[in-house]
Amino acid sequence: MIQMVEERNREDAVKALVYEATARIRDPVYGSTGAICQLQKMVQELKMQLESTKARMLELQQQKDQFLGILLNVGHLDLLSPINGSNFSLGYDDSMAYDPIKFPAECDSWII
């Protein structure tokens, strides 16, 4: 049987036959087909997990973008503007303001 295979492919043919024989010893009914089916099932499950993870990452990215948008919009509020025509101030001090983009990096030691 090996002599019917081209000489350059004989090594691969021998390896395939050894693999088939070993698989048949482990699983007399399905042989290598059982292992292949099992691996295909694992690949399918991993693809589903990957898609789920990608969807979750997209969702979290959108939440982060919304949160940063809210933080940036809060910085644009005019807290010193008069309320009902009166001269009202909350005593907002700009020197205490922080950059919402840099904020997480500045607070690495905090537990959130």
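The model is predicted, so local features require pLDDT of at least 70 and side-chain atom pairs count only at pLDDT 80 or more, whereas totals for chains, interfaces and linings use all residues. Residues are numbered from 1 along each chain as its sequence is written, and side-chain values use heavy atoms, with hydrogens and water left out.

Side chains of opposite charge can pair when their charged atoms come close. A salt bridge here is a side-chain nitrogen of Lys or Arg within 4 Å of a carboxyl oxygen of Asp or Glu. The search of the whole structure finds three of these.

**First stop.** Select E6 and R8, which form a salt bridge with their closest N and O atoms 3.0 Å apart. Exposure is given as relative accessible area: buried is under 20%, exposed is over 50%, and partly exposed lies in between (1.4 Å probe, protein chains only). E6 is partly exposed at 48%, while R8 is exposed at 67%.

**Second stop.** Next, select K15 and E11, whose side chains meet in a salt bridge at 3.3 Å, N to O. Both residues belong to helix α1 (residues 10-26) and lie four residues apart, about one turn of the helix. Helices are DSSP runs (H or I, at least four residues), numbered from the N terminus. E11 is exposed, with 54% relative accessibility.

**Third stop.** Finally, select E59 and R56, a salt bridge in which the closest N and O atoms are 2.7 Å apart. Because they are three residues apart in helix α2 (residues 32-74), about one helical turn separates E59 and R56. E59 is partly exposed at 37%, and R56 is partly exposed at 42%.

Methods. Helix = DSSP H or I, 4+ residues; strand = E, 2+ residues; numbered from the N terminus.
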